[in-house]
Amino acid sequence: MSNDNIRSYIVHCLSETLSPMTHMMGVAGNESIINREKVMTPHGLREVPVISGNAIRHRMIREPGAMYLIGRYNLAGKLSIDQLNFLFNGGALTESSTTEDMRRIANMQQLFPLLRLLGGTLPNQIIAGSCDVMRGTLVCEENRTALSQILPGSLPEAALRPAAEFVGQYQYTRGDARRRDFFLRVEERGIVPVPAADGFVDDVPGEKSNLMIYAGQTVLTGSLFHHGFVLENVSPLEMGALLHCIERWDAKGATLGGQSRIGHGKLAVSLLLPDGCSPAELTAAYIAHVDAVREQAVDWLNDAFSVRAGRKK
Amino acid sequence: MSIPVLSPEEFRQKLAGYADPTRTIPPEDLAQILQAAVRFVSILASLFGGDLDRLKIWDRIGTGLVVAVTKAGGDFDTFVNCCLAHIKSDPGKVASSAPLAELLAQLESQPAEWRTQFLRLVESRHYLILVKARARWISYRDKVLEAL
């Protein structure tokens, strides 16, 4: 790799919510509360919805990137928990870290642009990444100061909408099998069910249905978040890996936050890339690299997580 | 690449779409809008349907505000209609209500942003508006206030 190709990149993203987003910070009773951060504004302290950099990093980059490598290298079903944790969650120190194996780090950085980008923790050493992830900042008046510092160009002069207008509610119910007790074992109930016209029995006599109502807050459909990635002194391969991950995340549904199983958190992302950046060329180069180093990459992964001789399990 | 890549100008325009022209309403106008909302709700009390339980008049008006603002989807006329329907107002009384006609005329003469802000206040502060509207209604009932 020539040093001529080393440069820094800033990728800005605008993500518009296409469905209610439930990136939660906790629960109050049976109501979930969305993730907020305190922001000091000219009008005092305000609580503003935010997407954590941790969630963005995992869902947009690490997870799709790891899934791609596993698929491309045909590793499904062949990895240990430690290897999976390393690829999907960054790994954990499980051995003494008094010595660092520079050769192993160098090999990893040469073989895995994705891991060079994100870093990770091998059993005995922590490897820094080269990508800083910006938090998801809601485009709202309370965040004007922060956005005007982060964003290229200028914000509109007119006031932005206040954060409170982007927060909504949802409510769902979770059913109870008592409502469909036709399928219960008769001896357990001690009665003989008499199906109604629709083939079901409404209630077990003397028992109440425990239909559960659960509710929470959402960030409304049509809200806009700014987030982004800062890549410090990286090669085009890392930039290609980043764009490739974002593309795969987008193709797989582009969701952030919880409850995507019921349609929450769908995003439409747009990118603002640095000058001279060709996404097609960068991603193609990354894919070509992944394929070119297949054997060495799999060997490295197995070697880095091999059980050392004499080590107790 | 399947993801849209924006130019700096497109990026700026996307942000501009999140500006809110109604925010140019000065604070003194906001106080007026709140006052109009309070007046509207106190007028609703005078048009409360005879078929409903008068002991629950403020419960019913309160739920009416929430339901109407949701159903209206930002349309002021629909909001007014839904409120009146929810409290089962008598059409004859509605048609002959001078305070209502006067308030509607006043609101219609204001810019669209004004009415949007009206609905926003009802949505975000309906409890506060109920408290003030009830106090206003009692003042009127006790002849402290001459007209609604």
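How many of the 313 residues in chain A are buried, as a percentage? Buried residues come to 34%. Keep in mind for every view below that this is a predicted model.

**View 1. Chain A as a whole, with nine helices and twelve strands.**
Start here to get your bearings. Take the contacts in chain A with a separation of 6 or more: 72% of them link residues 24 or more positions apart. As for confidence, the average pLDDT of chain A is 87, and 85% of the residues score at least 70. The stretch to treat with care is residues 309–313 of chain A, where the pLDDT is below 50. Beyond near neighbours in sequence, that stretch has one contact in the model.

**View 2. An open sheet of four strands in chain A.**
Going across the sheet, the strand order is 2-3-10-9, and the pairing is mixed. Strand 2 (24–28) and strand 9 (167–174) of chain A sit at the edges with a single partner strand each, so each has one side without a neighbour in the sheet. On average, neighbouring strands of this sheet are turned by 20° against each other, ignoring direction.

**View 3. Strand 9 of chain A alongside strand 10 of chain A.**
For a handy landmark, look for A:Thr173, which stands opposite A:Ile213 in strand 10 of chain A.

**View 4. Helix 3 of chain A crossing helix 9 of chain A.**
The axes of helix 3 (residues 102–111) and helix 9 (residues 294–304) of chain A come within 10 Å and cross at roughly 145°. The crossing is left-handed. From helix 3 of chain A, the residues that meet helix 9 are A:Arg104, A:Asn107, A:Met108 and A:Leu111. Their counterparts in helix 9 of chain A are A:Gln296, A:Ala297, A:Trp300 and A:Ala304. Sorted by class, this contact has five nonpolar, two polar and one charged residues.

**View 5. Where chain A touches chain B.**
Here 26 residues of chain A are in contact with 19 residues of chain B. On the chain A side, the elements giving two or more residues are strand 1 (7–17), helix 7 (236–251), strand 12 (267–272) and helix 8 (279–292). Helix 7 of chain A has the largest share of that side, with five residues. By class, the chain A side has 19 nonpolar, four polar and three charged residues.

Terms used
Residues numbered from 1 in each chain as written. Chains lettered and ligands numbered in written order. Predicted model: local features only at pLDDT ≥ 70, side-chain atom pairs only at ≥ 80, totals over all residues. Contact = placed C-beta atoms within 7 Å. Nonpolar A, V, L, I, M, F, W, Y, C, P; charged D, E, K, R; others polar. Buried ≥ 20, exposed ≤ 12 C-beta atoms within 10 Å, placed from the backbone. pLDDT = per-residue confidence, 0-100. Pairing = 2+ DSSP bridges. Axes fitted to C-alpha atoms, helices over the stretch in contact; angles between N-to-C directions. Left-handed = near helix turned anticlockwise from the far one by under 90°.
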